[in-house]
Amino acid sequence: MIEVNNLSFEIEGKQILKNINLKIKEGKIFGIIGPNGVGKTTLLRCLTGIYSSPSGCIIYDEQEVYDNIEVKSKIGYVADENIMQTNFKVSDILKYYRYSYKDFNEEKFNELNRTFNIPLNKYIFQLSKGMKMRLSIVLAFSINAKYLILDEPTSGLDAILKNKLLKIFIDEVIENNTTIIISSHHLNELERICDDVAILDDGIITYENSVENMKNKIRKIQVAFNEPVYEEDLDLKGIFKINKVGRVFTIITDEYDQNFVKSLRKFNPLFIEEIDLSLEDVFIYKVDKEENYEKVFK
């Protein structure tokens with residue numbers, strides 16, 4: 001298990017992360033989502049032990065990650081931009097990994113490379129952005145890491161490779177009980193593979209839930225009443241967005257169940273329409289501070 005305890009982080013006096021607390025279970029895929037510039041990459045770099053924070057700590061199976069060679073050897077990291085020496089050939093990078101990681105599996109690299117088609121004789125600077133990302137991913141998977149931390153791993157990949165990569169993620173978890181943490185703006189992809197998701201906004205974890213629970217409990221409800229009903233009347237548990245146009249209310253709740261419906265029925269509605277929400281919908285409703293959020297979906 002990975003535990004993030006009271007983690008805060010600042011750069012040049014600017015606070016980037018504010019009292020982050022997370023528990024990420026072993027053998028799960030955990031998604032971190034949020035707007036640009038809210039600290040997602042910084043959080044991932046803290047998780048890898050690249051950054052040290054004077055406040056809080058990150059624990060992998062009861063060991064702190066920072067300045068801990070044993071823990072770091074179990075982590076595969078894919079950055080959102082190339083961090084490899086550009087004047088090295090791919091074959092040189094392979095040699096480096098052979099010497100640096102005792103569990104580096106070149107057979108696994110070659111097997112994955114049959115899918116990703118990375119040319120071994122080219123220099124890193126000759127590779128496209130997508131090809132560099134392919135290389136980073138294949139290398140991360142080839143060290144037989146117990147933990148994979150991936151920052152925008154599908155960036156620069158075409159639709160076919162993205163689909164294959166998502167399947168590889170799932171297979172890695174099933175076959176090796178690997179724990180995967182992914183930050184991505186491609187929420188439809190995360191919805192397909194993640195067990196749990198957290199929203200990071202302005203350096204704070206503002207929402208955390210399992211994808212399964214989100215699908216069961218979060219609903220968009222449209223309801224109309226024959227008699228006058230006001231927003232303050234609908235003070236029901238779990239409502240975090242409510243809007244009214246004419247006699248029709250649009251309600252977003254994360255506590256949807258039969259008791260919620262029963263509470264609505266006390267007001268004798270003309271109709272109640274339930275609409276499932278995607279992860280992208282939930283993200284917009286949770287993060288968007290504007291009152292006219294409904295326009296996003298028109």
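In what order do the six strands of the open sheet lie, and what is the sense of their pairing? In this predicted model, the six strands follow the order 6-7-8-3-9-10, and their pairing is mixed. Strand 6 and strand 10, the latter spanning 204-210, form the edges of the sheet, each of them pairing on one side only. From one strand to the next, the twist averages 15°. Within this arrangement, strand 3 (residues 29-33) and strand 9 (residues 196-201) run parallel and are joined by four bridges, and F30 is found opposite D196 of strand 9. Two helices pack on the sheet. Helix 1, covering residues 40-48, touches strand 3, strand 6, strand 7 (147-151), strand 8 (179-183) and strand 9, and its direction makes an angle of about 155° with that of strand 7. Helix 10, covering residues 279-287, touches strand 3, strand 9 and strand 10, with its direction at about 30° to that of strand 9.

The chain as a whole contains ten helices and 14 strands, and its C-alpha atoms fill a box of roughly 75 × 45 × 35 Å when taken along the principal axes. Of the 298 residues in the chain, 47% are buried. When contacts between residues at least 6 apart in sequence are considered, 67% of them join residues at least 24 apart. The domain assignment divides the chain into domain 1, given as 2-211, and domain 2, given as 219-276, and the C-alpha centres of domain 1 and domain 2 are separated by 41 Å.

Helix 3, which spans residues 90-100, has V90, I93, L94 and Y97 as its buried residues. Viewed down the axis of helix 3, these residues fall within an arc of 105°, and they therefore line one face of the helix. The buried residues of helix 3 pack against helix 4 (106-116) and helix 5 (129-142), whereas the face turned away from the buried side carries the exposed residues Y96 and Y99. Y97 has a relative accessibility of 16% and so counts as buried. Helix 4 includes N113, which is likewise buried, because its relative accessible area is 12%. Leaving aside residues up to four places away in sequence, N113 touches I118 and L120. The loop between strand 6 (75-78) and helix 3 holds Q85, which counts as partly exposed because its relative accessibility is 49%. The C-alpha atoms of Q85 and E62 lie 33 Å apart, although 23 residues separate Q85 from E62 along the chain.

Aromatic rings were examined over the whole structure, and the search finds nine aromatic pairs. In one of these pairs, the rings of Y96 and Y97 have their centres 5.9 Å apart and their planes at 75°, so the pair is edge-to-face. Y96 and Y97 also belong to a cluster in which ring pairs link Y96, Y97, Y101 and F104. F225 and F249 form an aromatic pair that is likewise edge-to-face, with 5.8 Å from centre to centre and 70° between the planes. Because F225 lies in strand 11 (residues 219-225) and F249 in strand 13 (residues 248-253), this pair ties together parts that are 24 residues apart in sequence. Both F225 and F249 are buried.

How values were computed. Residues numbered from 1 in each chain as written. Predicted model: local features only at pLDDT ≥ 70, side-chain atom pairs only at ≥ 80, totals over all residues. Heavy atoms only, no water. Phe/Tyr/Trp six-rings, centres within 6.5 Å; stacked < 30°, edge-to-face > 60°. Buried < 20%, exposed > 50% of the residue type's maximum accessible area, 1.4 Å probe, protein only. Arc of directions from axis to C-beta. Contact = heavy atoms within 4.5 Å. Domains from an automatic or database assignment. Pairing = 2+ DSSP bridges. Axes fitted to C-alpha atoms, helices over the stretch in contact; angles between N-to-C directions.
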